[in-house]
Amino acid sequence: MSTPVIDKYMVSLDTTSAADADAIAKNIAKDIELDRTRLIEFIESLGKYLTDDDTGIRVKALSCVAAVLSNLPTGKLNSRQIAMLSEFLCDRLEDEEGLNEAGSGLLALIKMKQISTSSIKSIADALFTKVDMKKHNQATRYVVYQVTDEIVSQHIAVLKSMNDSTLNGFTRLIGGEKDPRNLMVVFSMLKVIIENLQIEVAKESLFDAAFCYFPITFRPPPDDPYGITSDDLKLKLRACIAASALFADYSFPSLIEKLTSSSINVKRDALLTIIACIDSYDEVTVEKHCDEIYNSVKFEVLHEGEEDIPDLVCGLLKRLTATISIGMAGKVVKDSRLEKFLTATADECHPHITNLEARQAKPAARLLAAIAEGSFAAYDKIAETTLPSIFELVDLTISQQKTALEILILFIESSGNLYGWKTRAMLEMSPGNGLLMHKDALFELFCRAFVSTPKDEVSFRVLALQGLVKLALLQDFLDLSELGMVAQYLDDVVLTDTNESLWYECQCSQLVRANVLQSTSALSSLQELGRVNPDIILNTVFPAFLSQLPDPEISDLEPSQTRRKHYRIILSFLADLCINKAIYETLTVRLLNKLALVAKEGQNVVYAQSILTAILLVIQRKLTESDWDFKSFFTTLTPKLIAMTFTASVDRDQPQSRIMCHSSVVAVTAKIVNLLVRSASVEDQSEFAEQICKLYITNEPSVLISESDRARIVSARKPLDKEFLSDGLVEIFTAAIAGLRIETAFPYPDVCSLASNLVPVALATHNVPDRLALARLIALLVNKWMSKDNEQKFIDGAVESLKAQVTSSNAIVERASSLELLAWIGKALIFKGNRRSFEIVDLVIQLQREKSFGICASRTCGILIADDEIVNKSNFVVVRLLAKQQYFSYCVQRIVDGFNSSTDTEIRRNHLVALSNILENMPGKIVIPHLPTFLPLLLQSLAVSDSHVKLATIETITATISEAKDLIAEHLSTILPRVLDSTHDTASNPPDVRIAALNCLAMLPQSLPEEVLQPFKTEVIRKLAVVLDDPRRAVRKAAVDCRQTYFAMDR
């Protein structure tokens, strides 16, 4: 091999980057791989450098060897070559300056496929005898550990053959290591060595080598490049300590000693390590130490230790019992270690448990319940000896009874965790529940506690209910009649109990909870029962709940405050109980029947709205659950609701028209229809769209209406005609059309013509919800189904006509209606990215210069870009990525220019209102880059009497404080006094404005330097003292929090 190549490598380490040296090493390795250069030639060419007296040169030469070996294929070198190189590099391990490079070379050799056992032994011996780790830095030690780890992980059999020298050499090698990254490797190697070598002769030294690091107190620095956490080290060390049962005589006493520490973290780590040892060591070893372990940890439960320590101890005792129960087939063997352990613990805890007034009664029961949960045999033994003594207690006070119930619930929970809950699959088959022999006594006791206790003892009755529910959820425990009794008790709480605390318990349980141990209210308990047995809901709960709903034929539906509160709450509860498809289908049918009766009587709109709201609530929740198939609901519920509304609107003289066509009822119906249509597939939507267009547009018979009503419906005028006066129908149609996907073809052939024909209908409609629905409908047609050519045609026709009406008409109402409709069309075009939409924007901005009409134009700016519940992405509306940015950038400078060019107060106000309407619909990331442009307008907006403008302005300033600190600080002398004034004067500043102002003031100390705010501090604190007497509690609370931030500035 040519010497110049080697020389170039040596020089490159000094004069160029390491990448150049790596490239040279790769080329040399490639030549050796392709036999263009022999390995011996390469070594010979390095000879003078490897033996040079200059340490730096020798290190560079070793670096070259290591780099070339690292780049060679693992199968290239034969065993002879590997042996020669390993001997050479092992000799270099004593060269302290070159240890890093020699180690890197050895690491490459160990990975070679043909390395021999003798070479591995030689390398291991050299590492154990020649390397003094204390003389080297962290990086060099890490290389040595990598070499050792490769031997341990890939050649453990070789190390086993040199057992004693491996143990002695390894413990010497790792001694004193403190670097976290190196310790991660050390602990991994140590565990493998402990598990694979014969460690009897060195068990104490190996244990000491690991335990000297306990407890881990490492805290990673903020800029730690390795990402090693304290928990990573703890887990690795814990695995080492638990790796061999031979450590038991050292590990358990040492860990028990650590439990006396005053540090919670040390206690926690010691308990977790004991648990790991119990899980890992064999049962014979654990049996020898079970009394020692129990006696050292029991006080943490009996004396209710800090934080999670008692929980960890209970888990430990469960594991301890499970380990010493191995081999017991469901029954405790007489005179076994388990029997002695259980007898001793029961004898110790029994006096505490039976003394219900004692502070340690419940902790002692918790201790025993944890032990019982360890095995079937242990549970049977403890239940048999402990529970009867609780049943025998008589003449107890309420406080004592409460403690007894809490103790029994602990044993019920432990039974469920061991034998299985109905809501949780068992990992193994269990024998008969050890609690079954006490079932009758338990069930009777909890029933009596609930039924016989005065209703003002709320916590006691809730506790009794919890016990009954837990019994009901035990696997194969209560029979059907007993389950029915539990459901009836729960019904009683929800439906008839007037205690406000219990009502609060029930009302707070609207979220479905998966963990049965968290069930703390009657309603959530019914949900849990319904999950495991839906028939309970269908056959027991639903009839009881539905019977409490008022009958529509009663003239006064709400004769008392209790009745008024109940029917809305019961409907909400019924919605909460819909936890599967069968229950929901049954509820929907029954509620629709009730709705039909209410509508027929025509008496109570709120009742009808509440029924529909309950159905809507269920749909909104279940749409997020993937296992719900909404097709059946879509195909049955949607036509039913449309038919009820449609027929009611045609029969204007019938009572149901007053109910089903009321705006509040129509609004909820529209939401339900929209959600169901949105959830349907394209195929189902296509069929539905065709039928609803027949009903609304072409006036043909539609399957959405029953056959008996079709003729009567067809004879009426089309609902989208100008003369058709039935309120509510258009809102339903718009909601249905909004839910259609873009891929669903619109069944009417000429969308442009349809949209154009709807414009005069919308302008002629005086009903506000219907006019809004028509505007949304036109916007949806333009955005989702109108082609580019048709868009231009529609703009040139209908849009230009609307613009002409806005600019030429003398009637304010007509101009306002035309402008509103124009804004909705503009929204559809802006979202779609049509550039001609800005022709509408230009008109709106131009109209702001009119004194009387300008305010209408200003408020229209919000319609053009605001998020809408119908025209939005959820309804598959096309919204281009930068639509809002483009609109904002286009408008803001024009509004600022319009404001600055006018001296008229009203015209200036129009521009401020326009800016506030735009700002309240813009994300902060869009607004902040333009803030310098319009900040002067914001400052003047704070002086405007319009509360809507003021609120938008304050919220904009609040949102930009942290991102535009310098700009806010520059104008602070203007901003702060005006915002501060907005916290007073309840007549001109509504509560939402006052709260927004207080929140804005509170943000300033968190974002701006103290020296900037210091001149204003005293004035802010003084003026906010007045706000502390504000009539609204929310304002007072915000004022207290705000003042506190200013008081805390000095600290």
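Modeller: Arg908 lies over the face of Phe899, at 4.1 Å from the ring centre. A charge counts as sitting over a ring if NZ of Lys or CZ of Arg is within 6 Å of the ring centre and within 35 degrees of the ring normal. Arg181 is likewise placed over the face of Tyr142, 3.6 Å from the ring centre.

Before going further, please note that this is a predicted model, in which local features need pLDDT of at least 70 and side-chain atom pairs count only at pLDDT 80 or more, while totals for chains, interfaces and linings use all residues. Residues are numbered from 1 along each chain as its sequence is written, and side-chain values use heavy atoms, with hydrogens and water left out.

Rings of Phe, Tyr and Trp (its six-membered ring) pair if their centres lie within 6.5 Å; planes under 30 degrees apart count as stacked, over 60 as edge-to-face and the rest as tilted. One of these pairs, Phe634 with Phe688, is edge-to-face, with 5.5 Å from centre to centre and 65° between the planes. Phe634 belongs to helix H32 (residues 631-650) and Phe688 to helix H35 (residues 682-698), so the pair ties together parts 54 residues apart in sequence. Helices here are DSSP runs (H or I, at least four residues), numbered from the N terminus. Phe634 is buried, with a relative accessible area of 5%, and Phe688 is buried at 6%. Buried means under 20% relative accessible area, exposed over 50%, and partly exposed in between (1.4 Å probe, protein chains only).

Phe838 and Tyr890 form a tilted pair, 4.5 Å centre to centre with 40° between the planes. Since Phe838 lies in helix H42 (residues 837-847) and Tyr890 in helix H44 (residues 883-900), this pair ties together parts that are 52 residues apart in sequence. Both Phe838 and Tyr890 are buried. Elsewhere, ring pairs link Phe207, Phe211, Phe214, Phe247 and Tyr250 into a cluster.

Leaving aside neighbours within four places in sequence, Ile713 is in contact (heavy atoms within 4.5 Å) with Phe646, Thr647, Val650, Leu695, Asn699 and Ile705. Ile713 is buried, with a relative accessible area of 5%. The C-alpha atoms of Ile713 and Asp651 are separated by 9.5 Å, although these residues are 62 residues apart along the chain.

Technical notes:
Helices (H or I, at least four residues) and strands (E, at least two) are DSSP runs, numbered from the N terminus.
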